[in-house]
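Subject: Protein structure for your reading

Dear colleague,

Please find below the structure that I would like to hand over to you. I would be grateful if you kept it open while you read the notes that come after it.

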Amino acid sequence: QVRLVESGGGLVQPGGSLRLSCAASGITFRLYYMAWYRQVPGKERELVADVSPFQDHIIFGDSVRGRVTISRDNAKNTVILQMNNLKPEDTAAYYCKARGEFGAVQGTEFWGQGTQVTVSS
């Protein structure tokens, strides 16, 4: 059974930082692109950051570029999103996604249940 479990969300003041973690199980983690998305009610899910299996290709969403970093540990099956200088508009549910692009896992896709981030004073 595939599980992606996010943690690290919470309430933070504007200008603060949060570190989100996603722990994966049930997949060969090193074969998957990993990404963070976010969503607010009534809007489409938005890409925050995406990292290739060996971290040689990273993409950031326009609204967070320069304020977030993404990293992964293939030995621990985890992907980390470090968010700095948070703004109220960063308030959203943040989701972890695993995406298979090549070989036997091509076309497979899994999502976590999400973790809420609220930026407010």
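The notes below begin with the whole chain and then turn to single residues.

Please bear in mind throughout that this is a predicted model.

The whole chain

The protein chain contains eleven strands and zero helices. Read from the N terminus, its elements therefore run as β-β-β-β-β-β-β-β-β-β-β. The radius of gyration is 14 Å, close to the 14 Å that the globule rule gives for 121 residues, so the chain is as compact as a globular protein of that length. Along the principal axes, the C-alpha trace spans about 45 × 25 × 25 Å.

Of the 121 residues in the chain, 42% are buried. Among the contacts with a separation of 6 or more, 55% are between residues 24 or more positions apart. The accessible surface amounts to about 6,400 Å², and carbon and sulfur atoms account for 47% of it.

The loop between E8 and E9

Asp 90 is found in the loop that runs between strand E8 (78-83) and strand E9 (92-100). Is this residue, Asp 90, buried or exposed? Its relative accessible area is 1%, and Asp 90 is buried because this value is under the cut-off of 20%. The side chain of Asp 90 is joined to that of Arg 38 by a polar contact of 2.8 Å. Not counting residues up to four places away in sequence, Asp 90 touches Arg 38, Val 64, Arg 67, Asn 85, Val 117 and Val 119.

One of the residues touched by Asp 90 is Asn 85, which also has its place in the loop between E8 and E9. Asn 85 counts as partly exposed, at 43% relative accessibility. Asn 85 is not a glycine, and yet it has a positive phi of about 50°. Most residues other than glycine have a negative phi.

The loop between E5 and E6

A positive phi is also found at Gln 55, where it is about 65° although the residue is not a glycine. Gln 55 lies in the loop between strand E5 (46-51) and strand E6 (58-60). With a relative accessible area of 35%, Gln 55 is partly exposed.

Ser 52 is in the loop between E5 and E6 as well. Ser 52 is buried, and its relative accessible area is 2%. Which residues does Ser 52 touch, not counting those up to four places away in sequence? They are Tyr 33, His 57 and Arg 72.

The loop between E2 and E3

Pro 14 belongs to the loop between strand E2 (10-12) and strand E3 (18-25). Its relative accessible area of 40% makes Pro 14 partly exposed, because that value falls between the cut-offs of 20% and 50%. If neighbours within four places in sequence are left aside, Pro 14 is in contact with Leu 86, Pro 88, Val 119, Ser 120 and Ser 121. From Pro 14 to Ile 70 the separation is 56 residues in sequence and 20 Å in space, C-alpha to C-alpha.

With kind regards

Technical notes: Residues numbered from 1 in each chain as written. Predicted model: local features only at pLDDT ≥ 70, side-chain atom pairs only at ≥ 80, totals over all residues. Heavy atoms only, no water. Helix = DSSP H or I, 4+ residues; strand = E, 2+ residues; numbered from the N terminus. Rg over C-alpha atoms; globule rule 2.2 N^0.38 Å. Buried < 20%, exposed > 50% of the residue type's maximum accessible area, 1.4 Å probe, protein only. Contact = heavy atoms within 4.5 Å. Areas by Shrake-Rupley, 256 points an atom, 1.4 Å probe, with all protein chains shown as cover. Polar contact = N/O pair within 3.5 Å; in protein donor to acceptor, adjacent residues only side chain to side chain.
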